[in-house]
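Please open the model in your viewer and keep the selection tool at hand. The tour goes from stop to stop, saying what to select and what is there.

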Amino acid sequence: MGMQMRIGYHNHLLHHSASTAPAVSTSLRPFSSSSILFLFQKNLSGGSVIRTTKGRSSSSYRNYGIVASSNLGAPLWETWKPDKASSAPSLSDVLWPSAGAFAAMAILGRIDEMLTPKGVSMTIAPLGAVCAVLFATPTSPGARKYNMFMAQIGCAAIGVLAFSVLGPGWLARSFALAASIGFMTVTRSTHPPAASLPILFIDAAKLHHLNYWYAFFPGAAGCILLCLIQVMVLYLKDNFKF
């Protein structure tokens, strides 16, 4: 009789608390000795498992519960949608990065005009991707200066090496790209725009005369200019909002 009463009370408390407990939470919460913690876990098959844990009171022991597991069960098409957590950008958040990109390409174009007699150019496609990373996502890992310069120099050198050993063609491009991704992974310097530098060198005959100087010019040299422009863009974004 006593066992039945305890089971009935426990089931009543379980259903009552489950109806009032928040559905989603991602924080770790300590609970007292008189609380019942409900753990909502979403398994891979799509079902839900509800577990209860009685709290314990101790000066040296605290219980924590996670009221929702990771989003491993989220539909695959969620990655095709905008980030719901991010708010709509303000006009200044759109204008200043765009203005920085315009200034960067204008300055690089002017430098190209001065370098034309020497047969070299500063404006290359990967620098456009660098502008997007530095100006639009300045807090991303790819915008870190270590990542940028380590990847720009290393991947460019890999492209020159692949061309020197394998010559032009699909094998050199494949090897150079694979080696570049491996290099960025090992050195923890992931910088997506740099992955295109080896392919650019292999396919662009006008860059072959640079040989291993290609590791520093125009990629790394252009990034120095873009870093200076980034400082101005971030200053304008922080101080002139509208």
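Rings of Phe, Tyr and Trp count as a pair if their centres lie within 6.5 Å, the six-membered ring being used for Trp. The model on screen is predicted.

**Aromatic rings**

Select Phe163, Phe201 and Tyr214, which form one aromatic cluster. How many aromatic pairs does the structure hold? There are five. For another of the ring contacts, select Trp96 and Phe242: the ring centres are 5.9 Å apart and the planes stand at 75°, so this pair is edge-to-face, given that planes over 60 degrees apart count as such. Trp96 belongs to helix α2 and Phe242 to the segment after α7, so the pair ties together parts 146 residues apart in sequence. Trp96 is buried, at 18% relative accessibility, whereas Phe242 is partly exposed, with a relative accessible area of 46%.

**Helix α2**

Next select residues 91-115, which make up α2. Its 25 residues should span 36 Å at 1.5 Å a residue, and the end C-alpha atoms are 36 Å apart, which agrees. Colour the buried residues of this helix: Ser92, Trp96, Pro97, Gly100, Ala104, Leu108, Asp112 and Leu115.

Glu113 is exposed, at 52% relative accessibility.

**A salt bridge between helices**

The count of salt bridges comes to two. Select Arg173 and Asp203, whose closest N and O atoms are 3.0 Å apart in a salt bridge. Arg173 sits in helix α5 (residues 170-186) and Asp203 in helix α6, so the pair ties together parts 30 residues apart in sequence. Arg173 is partly exposed at 29% relative accessibility, and Asp203 is partly exposed as well, with a relative accessible area of 48%.

**Lys237**

Move to helix α7 and select Lys237. Which side chain of opposite charge is nearest to this buried lysine? It is Asp93, 4.6 Å away, and Lys237 has no salt bridge; the cut-off for one is 4 Å. Show the surroundings of Lys237: leaving aside neighbours within four places in sequence, its contacts are Ser92, Asp93, Trp96, Pro97 and Phe135. Two of these names have come up already: Ser92 and Trp96 are among the buried residues of α2.

**The nonpolar cores**

Finally, select Leu127, Val130, Leu134, Phe135, Tyr214 and Leu226. Within the largest nonpolar core, which has 35 residues, these touch the most other members. Helices α2, α3 (125-136), α4 (145-166), α6 (197-203) and α7 (219-239) each supply at least two residues of this core. Apart from it lies another core, of five residues, including Ile158, Ala162, Ala172 and Ala176.

How values were computed. Residues numbered from 1 in each chain as written. Predicted model: local features only at pLDDT ≥ 70, side-chain atom pairs only at ≥ 80, totals over all residues. Heavy atoms only, no water. Core = buried A, V, L, I, M, F, W, Y, C linked by side-chain atoms within 4.5 Å. Buried < 20%, exposed > 50% of the residue type's maximum accessible area, 1.4 Å probe, protein only. Helix = DSSP H or I, 4+ residues; strand = E, 2+ residues; numbered from the N terminus. Lys, Arg positive; Asp, Glu negative; His and termini not counted. Contact = heavy atoms within 4.5 Å. Phe/Tyr/Trp six-rings, centres within 6.5 Å; stacked < 30°, edge-to-face > 60°. Expected span 1.5 Å × (residues − 1).
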